[in-house]
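Thanks for coming, everyone. I'd like to walk you through one structure today, so let me put it on the screen.

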Amino acid sequence: MRVDEGAYRQLRVSREAGGLVVTVELHRPEALNTLTTALAEDLLACLGALRRDPSVRAAVLTGAGERAFCAGADLKERAGMTDEAWRAQHTVFEEAAHALLHCPIPMIAAVEGWALGGGCELALLCDFIVASETAVFGLPEVTRGIFPGMGGTQVLPRIAGAPLARELIFTGRRLPAAEAKATGIINHLVPAGQARARALEIAAVIAQNGPIAVRQAKKAINHGLETDLETGLALSIEAYNLTITTEDRLEGVRAFNEKRPPVFRGR
């Protein structure tokens with residue numbers, strides 16, 4: 001099953017690098033790409049399709065325009081919601097966040113402008129972040145009487161350390177791009193307007209590598225981070241052994257000996 005590029009209401013999906021890389025664009029530029037129920041449902045459906053599409057080897061998650069990656073939940077949509085309706089909407093947000101965190105292919109966030117609240121959490125849930133100098137990160141939920149509910153309280157401490165995570169979450173302070181780079185929240189800091197292009201360059205490099213090996217490496221890293229070292233090493237060897245019997249492993253060795261680039265087929 002291939003990702004259907006025209007199947008979404010508030011997402012724009014396109015293919016790059018010969019179809020091996022998918023760009024997933026949050027497409028509400030008039031509202032700073034804020035999260036609505038429809039957008040979260042689109043994202044959940046798209047991530048499910050990415051999981052089932054064997055032709056995709058890497059993906060870039062970004063926002064339309066240069067003002068914002070995503071400025072969080074659309075509070076206008078939430079105005080007047082009952083507690084029951086709020087919880088029902090948030091369940092969709094939670095499911096989309098879970099699908100992003102557990103997507104088996106590498107996910108790169110390309111951030112321009114605001115990445116606030118749920119938008120910041122979406123970026124943090126990707127494998128790593130490429131951001132432009134205009135990017136601003138923040139988890140300001142406590143200033144609205146709630147707190148980060150899409151994984152920010154768990155992911156940010158693992159990336160930036162608990163003390164900084166506590167400060168940012170307790171105060172709602174916004175983090176400019178240069179500081180985010182210094183603290184390890186973002187991998188690459190680029191000039192304004194260049195985040196998507198740089199993320200796509202990296203995704204294209206990933207897409208040339210053995211797709212089974214890359215997916216198993218992601219699995220080993222993510223599962224290993226949640227356990228002790230010895231268990232993590234055992235998980236790593238288990239994932240490694242799965243790559244030994246693949247056609248891609250044989251092709252990689254052949255290509256090396258024949259002094260040519262390998263042609264991996266994900267088998």
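First, the ground rules. This is a predicted model, so local features need pLDDT of at least 70 and side-chain atom pairs count only at pLDDT 80 or more, while totals for chains, interfaces and linings use all residues. Residues are numbered from 1 along each chain as its sequence is written, and side-chain values use heavy atoms, with hydrogens and water left out.

Okay, helices. When I say helix I mean a DSSP run of H or I with at least four residues, and a strand is a run of E with at least two, both numbered from the N terminus. Two packed helices are described by the angle between their axes and the distance between the axes. The axes here are lines fitted to C-alpha atoms, for helices over the stretch in contact, and the angles run from 0 to 180 degrees between N-to-C directions.

Our pair is α9, residues 211-225, and α10, residues 229-244. Their axes sit 9 Å apart, at an angle of about 170°. So α9 and α10 are roughly antiparallel to each other; the label needs over 145 degrees, while under 35 would be roughly parallel, 65 to 115 roughly perpendicular, and the rest oblique.

Who does the touching? On the α9 side, the contact is made by Ile212, Ala213, Gln216, Ala220, His223 and Gly224. On the α10 side you have Gly232, Leu235, Ser236, Ala239, Leu242 and Thr243. Contact, by the way, means heavy atoms within 4.5 Å. Sorted by class, that's six nonpolar residues, six polar and no charged ones. For that sorting, Ala, Val, Leu, Ile, Met, Phe, Trp, Tyr, Cys and Pro are nonpolar, Asp, Glu, Lys and Arg are charged, and the others, Gly among them, are polar.

On to salt bridges. Side chains of opposite charge can pair when their charged atoms come close. The rule here is a side-chain nitrogen of Lys or Arg within 4 Å of a carboxyl oxygen of Asp or Glu, and the count comes to 14.

One of them is Arg158 with Glu226, where the closest N and O atoms are 3.3 Å apart. Arg158 is in helix α5, residues 152-160, and Glu226 is in the loop between α9 and α10, so this pair ties together parts that are 68 residues apart in sequence. Arg158 is exposed, at 53% relative accessible area. The cut-offs there: buried is under 20%, exposed is over 50%, and partly exposed is in between, with a 1.4 Å probe and protein chains only.

Another is Glu167 with Arg173, at 2.8 Å between the closest N and O atoms. Glu167 is partly exposed at 33%, and Arg173 is partly exposed too, at 28%.

Now have a look at Glu251. What does its side chain meet in a salt bridge? That would be Arg254, at 3.3 Å, N to O. Glu251 and Arg254 are three residues apart in helix α11, residues 247-257, so about one helical turn separates them. Glu251 counts as buried at 9%, whereas Arg254 is partly exposed at 42%. There's also a network of salt bridges that links Glu251, Arg254, Glu258 and Arg260.

Leaving aside neighbours within four places in sequence, Glu251 is in contact with Arg260, Pro261, Pro262, Val263 and Phe264. Pro262 lies in the segment after α11 and is partly exposed at 32%. With residues up to four places away left out, Pro262 touches Glu251, Gly252 and Ala255.

Cysteines next. A disulfide is a covalent bond between the sulfur atoms of two cysteines. With sulfur atoms required to be within 2.5 Å, the count here is zero. For Cys70, the nearest cysteine sulfur belongs to Cys120, 10.0 Å away, and Cys70 is buried at 0%. For Cys126, the nearest is that of Cys103, at 9.1 Å, and Cys126 is buried at 7%.

Last stop: Thr23, in strand β2, residues 21-26. Buried or exposed, would you say? Thr23 is buried, at 2%. Beyond four places in sequence, its contacts include Arg12, Val60, Thr62, Arg196 and Leu200.
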